[in-house]
Amino acid sequence: MPHPHARGADTGAGFLDRATCLHRVSHIAAETSSTQQPLAALWIGLDRLKQINQSFGHQGGDIVILQITQRLREKTGGRSEWYRMGGDEFVCLLPDTNADQARKFAAELIQVIEAPLRFGELLLHPSASIGVVVLEENEDSFMFLERADHAMSAAKRQGGGRIVVSGEEPTPGRMGILLAREELAIESQLHEALENGGLALHYQPIVSLDGHIEGVEALMRCTTGNGSIPPGKFIPVAEKTGLVTRLGEWSLLTGTGFARELANAGLRTKVAINVSRAQLISPKFSQALHAALMCSNVSPELIELELTESLFMDISAVVQDNLRAAREAGVSLAIDDFGTGYSCLANLKDIPATKLKLDRAFVIVLPHDRRAFAVVKAMTQLGRELGMTVVAEGVEEMNQLDALREAGVDAIQGYIHARPMPKETLLTWLKERNPT
Ligand code: C2E
Ligand code: CA
Ligand code: CA
């Protein structure tokens, strides 16, 4: 079955290996003239092999793979070339084939694969997901195969037993790969920052309408040899990879330490620290909080935890325990990004928070958007009735501040007062405002 020109390691059942596949793609691409049809590839991934392995052991999985490879071997013909990319993933190269022809062939393969398969007493119903890709001009073999793999994964995500043509998946192939690569780069930068002291907290003041400083919010910054990454980019990656728990523990320790430094300098200012969902759903959270409070030796009333509203869609017993433990430790709680649409108002009354932070999205359209103004006013009243202080975020202009005053908010945070700043700058800023 392998192409006669192809040389490389046979991975069993006549399938050649990944390296040979890459080499062949480059070779065919170089040979294909502009008048010919391009090269197509199918990346085939067997579905649910993990479950089969779990239920029947690896031997079971091997038997299924063997039977399916035999079926594929019988099916192939013409100029198709076959490669095995991993345990249950195969690639079929189809020279001189366009997308429609490749899709048709993929549909035939799915039919072949889906025929029931006897396994001892059982009748299994195998299925496969197939990614289809057509070589683009000047595309290298790596990107070509990565696109095929990505399309196959998109087919799996849609439930398996499907064909996805690269470029037609929800996140188009090339784009998806670039995004995945960017995420990997960010992840490695985050590791580097954690190890080499590239993380810092900047602090942004929260000021009441009468000019009193209510506290500061700690906002994480990440700088590595490759420059700095904005939190809007690295926090989602950290959340995806689980790194956010380590970052969060670092924030807790650093933020509480800074609250202590402020107190030592005679500036008793509350420090608000952002806590992510991953931290709060972990049973280890209260331990991490206690450890931070102990290490920093700070009075807990100087610490506030900002919890995003999305956390309250569904409050688990662990989250409830963590919130209770935080309150019992004497730390206050704020609901962040309020109004962004996730919270269940019924849950709101059960959260022991004392502050409500209205999201910047409402502020940005003030004072002209009267409907937004009405919503801000209603949310402010709701917060008040629940005994909370209401803070508006992202205030940049005087006319926004005036509207917020009219709506009844208690305090504001935004560039109008100050941007987030390094701790040394903040110390100077606070001292200038509180001359002793
Ligand atoms: P957030 O908690 O809603 O923080 C407020 C964001 O609004 C900050 O963005 C702040 O710099 C920005 N901001 C404040 N005032 C203004 C303004 O007047 N105009 C504009 N345009 N923006 C303003 P930043 O620092 O980029 O942080 C983005 C988000 O990253 C934060 O949103 C928070 O969700 C997350 N984040 C930051 N630090 C941490 C952290 O230590 N832990 C966790 N879990 N998340 C963090
Ligand atoms: Ca926040
Ligand atoms: Ca916020």
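A residue is called buried when its relative accessible area is under 20%, exposed when it is over 50%, and partly exposed in between, as computed with a 1.4 Å probe on protein chains only. The model examined here is predicted, so that local features need pLDDT of at least 70 and side-chain atom pairs count only at pLDDT 80 or more, whereas totals for chains, interfaces and linings use all residues. Residues are numbered from 1 along each chain as its sequence is written, chains are lettered from A and ligands numbered from 1 in the order in which they are written, and side-chain values use heavy atoms, with hydrogens and water left out.

The structure holds 17 salt bridges, each defined as a side-chain nitrogen of Lys or Arg within 4 Å of a carboxyl oxygen of Asp or Glu. Among them, the salt bridge of Glu393 with Lys357 has an N to O distance of 3.7 Å. Because Glu393 belongs to strand β15 (residues 389-393) and Lys357 to strand β14 (residues 355-358), this pair ties together parts that are 36 residues apart in sequence; helices (H or I, at least four residues) and strands (E, at least two) are DSSP runs, numbered from the N terminus. Lys357 is buried, with a relative accessible area of 0%, and Glu393 is likewise buried, at 11%. Through shared partners, salt bridges join Glu217, Glu306, Lys357 and Glu393 into one network.

A further salt bridge links Lys240 to Glu183, with the closest N and O atoms 2.9 Å apart. Since Lys240 is located in helix α6 (residues 231-241) and Glu183 in helix α5 (residues 173-196), the pair ties together parts that are 57 residues apart in sequence. Lys240 is exposed, at 61% relative accessibility, while Glu183 is partly exposed, at 28%.

Arg268 and Glu301 also meet through their side chains in a salt bridge, at 3.5 Å from N to O. Arg268 is placed in the loop between α7 (243-264) and β11 (271-275), and Glu301 in the loop between α9 (285-296) and β12 (303-308), so that parts 33 residues apart in sequence are tied together by the pair. Arg268 is exposed, with a relative accessible area of 54%, and Glu301 is partly exposed, at 45%.

Ser208, in strand β8 (residues 199-208), is buried, with a relative accessible area of 10%. Its side chain makes a polar contact with the side chain of Asp210 at 2.3 Å, a polar contact being a pair of N or O atoms within 3.5 Å of which, within protein, one must be able to donate a hydrogen and the other to accept it, with residues adjacent in sequence counted only if both atoms are side-chain atoms. When neighbours within four places in sequence are left aside, Ser208 is in contact (heavy atoms within 4.5 Å) with Glu214, Asp410 and Ala411.
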